[in-house]
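Biologist: Please take me through one part of this model in detail. I would like a close look at how the chains meet.

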Protein chains: 4
Amino acid sequence: MADSLASLTERLRQFAAERDWDRFHTPKNLAMALTGEAGELAAEFQWLTEAESGALEPDRLERVRQEAGDVLLYLVRLADRAGFDLVAAAHTKIDLNARRYPAGQVRGSARKYTEY
Amino acid sequence: MADSLASLTERLRQFAAERDWDRFHTPKNLAMALTGEAGELAAEFQWLTEAESGALEPDRLERVRQEAGDVLLYLVRLADRAGFDLVAAAHTKIDLNARRYPAGQVRGSARKYTEY
Amino acid sequence: MADSLASLTERLRQFAAERDWDRFHTPKNLAMALTGEAGELAAEFQWLTEAESGALEPDRLERVRQEAGDVLLYLVRLADRAGFDLVAAAHTKIDLNARRYPAGQVRGSARKYTEY
Amino acid sequence: MADSLASLTERLRQFAAERDWDRFHTPKNLAMALTGEAGELAAEFQWLTEAESGALEPDRLERVRQEAGDVLLYLVRLADRAGFDLVAAAHTKIDLNARRYPAGQVRGSARKYTEY
């Protein structure tokens, strides 16, 4: 329940309706807004080493958390406006990836992975 | 239940563990991979009009669905590796946005919105 | 001369050297920083109609100009650090695209284009 | 001469005119297409270490070169359609950054930089 996307979807619908923003929220515009938020998320990590990125200082962790929240909001809103089930889509992709990258074949192979 | 991120998180943990991919999945790398998927999602819309983006043909809708799924997977994985609750982060942002954009003040104002 | 990338490349080398920033400027980090700036550029357009985007107000045009400048800076720096000629790379891509999209076949065909 | 953006701009104008693609090339659409190419560029680096990204294998270097070329093409085309001088914009940003990050103050300070 606490991690339900249904309640997020509903809150975003109300938020947009109260502000008359549905006309801005076309799938095209939402996809574009999502790239902006993804870029802000990436910017938090760009000069960190990989090790530093795994042990974030509190201030940066909070910014990362909020940028990730922004990405999720646009993603949920896009799925709602385009009419598909976001979590089902993600499960579909895990199924596909499981076939593309059989555990027995790619295990421990950085090369295989980095060529992906 | 059907839209639970907890089950996605768990599947992705197993997926990475079976392939020994945790060492690639630093928050920095996951944020970078997310921008790649966000870019692929945007690419599906780049030459469409806004109206066309609101009535996608079946083939494109399926590609959009899968690209959105990819974005969600990296986002869920990033939140798991960085140690925060993704859906709670999104709710935090809605709360913040509700204060930044009071419905009574921005309603019907494209200008206010486009300046955001 | 005024549009030379060689002078930009040289200024950026000096800029990084004076600040001891070369160690941050790995190709990986520069590519990541570039996605951040590309996202900021996209954010300027996300709620505009296509028509509005073709007739930008002075304030927004100046922001677009500066964001585009940021993208170019990271792109020039990346090419310098990875060791390739950026403008030659762009000409290579035009040559490839000319073969992929023969003018006689795709002219006036939105469908062809939007499927790209 | 070899690195002139003026000749790229001119080639892209002809390329679009011959295909009747100007109507797709609004600044909004070009900015969106640019984020897609930036994402593809980032994807080449996402699982590499920073050290690996500094010594790319020939196949990957060629892909990086071509993706960077794509980013430049959309950037040049966007500047042309929006009506500004791209290289001048980049020089403007270096001037601004020189004031924001005085060499004497930030030299050798990773902290200062990573907080940027």
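This is a predicted model: local features need pLDDT of at least 70, side-chain atom pairs count only at pLDDT 80 or more; totals for chains, interfaces and linings use all residues.

Modeller: The predictor gives the complex an ipTM of 0.93 and a pTM of 0.94. Chain A has an average pLDDT of 91. In that chain, 90% of the residues score at least 70.

Now the contact itself. Chain C puts in 59 residues, and chain D also puts in 59 residues. On the chain C side, six helices each supply at least two residues: α1 (5–19), α2 (27–43), α3 (50–53), α4 (58–82), α5 (86–100) and α6 (103–106). The largest share comes from α4(C), with 14 residues. By type, the side of chain C that touches chain D holds 37 nonpolar residues, eleven polar and eleven charged.

Next, a single residue. Tyr101(C) sits in the loop between α5 and α6 of chain C. Leaving out residues up to four places away in sequence, Tyr101(C) touches Val106(C) and Arg19(D). One of these partners is in chain C, the other in chain D. Is Tyr101(C) buried, exposed or partly exposed? Burial needs 20 or more C-beta neighbours within 10 Å. Tyr101(C) has 18 inside 10 Å, so it counts as partly exposed. As for Glu37(C), it lies 64 residues from Tyr101(C) in sequence. In space the two are 29 Å apart, C-alpha to C-alpha.

Turn to chains A and B. Chain A superposes on chain B by a rotation of 180°, with 0.0 Å of shift along the axis and an RMSD of 0.0 Å. The two copies are therefore related as by a two-fold rotation axis. Which residue of chain A comes closest to the rotation axis? That is Ser4(A), with its C-alpha at 2.8 Å. The interface agrees on both sides: 100% of the interface residues of chain A are also interface residues in chain B, so the copies meet through the same surface.

Last, the inside of one chain. Five residues of domain 1 of chain A are in contact with four residues of domain 2 of chain A. Helix α4 (residues 58–82) of chain A gives the most to the domain 1 side, with three residues. That side is made up of five nonpolar residues, with no polar and no charged ones.

Terms used: Residues are numbered from 1 along each chain as its sequence is written. Chains are lettered from A and ligands numbered from 1 in the order in which they are written. Two residues are in contact if their C-beta atoms, placed from the backbone, lie within 7 Å. Helices (H or I, at least four residues) and strands (E, at least two) are DSSP runs, numbered from the N terminus. Ala, Val, Leu, Ile, Met, Phe, Trp, Tyr, Cys and Pro count as nonpolar, Asp, Glu, Lys and Arg as charged, and the others, Gly among them, as polar. Copies are superposed by least squares on the C-alpha atoms of residues with pLDDT of at least 70 in both. A residue is buried if 20 or more other C-beta atoms lie within 10 Å of its own, exposed if 12 or fewer, and partly exposed in between; C-beta atoms are placed from the backbone. pLDDT is the predictor's confidence in each residue, from 0 to 100.
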